[in-house]
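Open the model in your viewer and keep the selection tool at hand. This tour goes from one selection to the next and says what is there.

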Amino acid sequence: MNDFSDLEAQLKAIRPAPLRESFIGRVESEINQPEMPLEEPHNVIRPIQFRTGWIVGLGLAAAAAVLLLVRVNFQPPRGSARTAAASAQPTATSAPLPAKTLPNSFVPAGSTQVVYHKRDEGLLFAQNSEEPMRRLRSITRETLQWKNPATGASLSVSYPSEHVELVPISAQ
Amino acid sequence: MENVATHEDWKVCLSEVGPGLVLFARQWVQSLADAEDIVQEAFVRFWRRNHNITNRALLYATVRSIALDRIRGDSRRARREALVVADTEQSVEPQFQVEDDSQRVVVGALDRLPKDQREVLVMKIWNELTFAEIAEALGISQNTAASRYRYALASLRKILPPQ
């Protein structure tokens with residue numbers, strides 16, 4: 001029990017305005033229309049990041065190509081030969097030399113993904129979907145890092161990204 | 001999937017939930033016509049997929065989603081129009097069937113409630129949703145829905161003159 005019962009009764013006594021006949025007629029004509037094949041809902045707005053996503057992709061591809069070139073150029077042929085020759089001769093003292101065994105190339109050192117904004121944009125019916133879905137949009141910054149253990153050089157690529165997830169309601 | 005609903009089924013459903021849905025949609029748009037458009041889109045979409053309205057929380061969530069999408073899309077246009085409308089006499093279609101002055105005062109007080117409280121109040125009083133359904137539709141906890149409802153009633157009591 002609460003002490004708002006009188007107020008609740010007062011509110012319930014007020015009735016919402018009735019539906020207009022023109023409105024019912026509009027709904028009727030739309031329901032009677034054959035259902036058109038679903039197109040992408042007009043209320044789904046493609047973020048500009050998706051429209052220009054190919055630019056980011058191209059940039060990443062270029063960065064990967066540069067990395068490959070750098071790796072090839074950093075391979076010293078003499079050092080490799082010397083290491084091979086040394087390993088062919090058995091030695092009594094097998095103390096390893098870390099500097100010589102480290103690969104002189106860039107290797108992946110880590111990646112981070114920082115989600116700095118996440119938003120629940122509510123329910124919608126996605127394309128060709130019978131079930132409603134919840135749209136979750138997250139804006140992140142991803143950073144990929146490479147390091148050259150031999151030289152200590154490091155390289156990192158950081159770029160913003162935006163993800164849109166459509167989660168079926170039944171899966172929640 | 002074949003739509004097995006008869007012609008009269010949807011009319012019965014619409015007559016039951018329509019007035020409350022339009023009232024619910026009016027919270028986000030100024031004109032009755034816009035609210036009707038929102039409800040029409042949600043109801044038709046919902047009916048074609050579900051053929052019934054048993055999942056009321058989802059129906060209200062759909063109305064809310066369409067209304068909020070419309071607000072985002074129309075925000076620029078609305079700002080421009082608001083400047084024009086502000087200079088003219090605005091005739092807003094009534095949201096309620098007001099029978100006397102005391103009801104008119106209550107309706108006036110409703111407009112002064114914070115949006116999140118009014119939203120829950122409209123769903124509870126005029127659409128008779130449970131707190132569980134309200135919570136599901138709004139994506140909040142049942143406790144939050146119940147709290148907002150109580151705050152709304154308390155606010156109304158403060159606004160309304162003592163009887």
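Start where chain B meets chain A: across this interface there are 6 salt bridges, a salt bridge being a side-chain nitrogen of Lys or Arg within 4 Å of a carboxyl oxygen of Asp or Glu. Side chains of opposite charge can pair when their charged atoms come close.

Before going on, note that this is a predicted model, in which local features need pLDDT of at least 70 and side-chain atom pairs count only at pLDDT 80 or more, while totals for chains, interfaces and linings use all residues. Residues are numbered from 1 along each chain as its sequence is written, chains are lettered from A and ligands numbered from 1 in the order in which they are written, and side-chain values use heavy atoms, with hydrogens and water left out.

**The interface**

Select R26(A) and E36(B). Their side chains form a salt bridge, with 3.7 Å from N to O.

Next select R157(B) and D6(A), whose side chains form a salt bridge at 2.8 Å, N to O. R157(B) is in helix 7 of chain B and D6(A) is in helix 1 (residues 5–12) of chain A, so this pair joins two chains. Helices (H or I, at least four residues) and strands (E, at least two) are DSSP runs, numbered from the N terminus. R157(B) has a relative accessible area of 33% and is therefore partly exposed; buried means under 20%, exposed over 50%, and partly exposed in between (1.4 Å probe, protein chains only).

Now show both sides of the interface. Here 47 residues of chain B are in contact with 37 residues of chain A, where contact means heavy atoms within 4.5 Å. The area buried between the two chains is about 4100 Å², and carbon and sulfur atoms give 61% of that area. Buried area is the accessible area (1.4 Å probe) that two parts lose on being put together, summed over both. Which three residues supply more than any other three of the area that chain B buries against chain A? They are R48(B), R49(B) and R157(B), with 17%.

Between chain B and chain A, 12 residue pairs are in polar contact, both residues being at pLDDT 80 or more. A polar contact is a pair of N or O atoms within 3.5 Å; within protein, one must be able to donate a hydrogen and the other to accept it, and residues adjacent in sequence count only if both atoms are side-chain atoms. Colour helix 2 of chain B: with 13 residues, this helix gives the most to the side of chain B that touches chain A.

**Chain B as a whole**

Select chain B alone. Chain B has 7 helices and 1 strand, in the order α-α-α-β-α-α-α-α from the N terminus on. Of its 163 residues, 45% count as buried.

**Helix 5 and its surroundings**

Select residues 115–126 of chain B, which make up helix 5. This helix has 12 residues and reaches 16 Å from its first C-alpha to its last, close to the 16 Å expected at 1.5 Å a residue; the expected span is 1.5 Å times one less than the number of residues. Is helix 5 of chain B mostly covered or mostly exposed? It is mostly covered, with 9 of its 12 residues buried, among them Q117(B), L121(B) and W126(B).

L110(B) counts as buried because its relative accessibility is 1%. Leaving out residues up to four places away in sequence, L110(B) touches L11(A), F96(B), R118(B), L121(B), W126(B) and L156(B). L110(B) and L156(B) are 46 residues apart in sequence, and their C-alpha atoms are 7.1 Å apart in space.

Move on to N127(B), in the loop between helix 5 and helix 6 (131–138) of chain B. The side chain of N127(B) reaches the backbone oxygen of V122(B) at 2.9 Å. N127(B) has 7% relative accessibility and so counts as buried. Just after helix 5, E128(B) takes a positive phi of about 55°.

Select R148(B) and D116(B), whose side chains form a salt bridge at 4.0 Å, N to O. This pair links distant parts of the chain, with R148(B) in helix 7 and D116(B) in helix 5 of chain B, 32 residues apart.

Finish in chain A with R137(A) and E162(A), whose side chains form a salt bridge at 2.9 Å, N to O. Both residues are buried.
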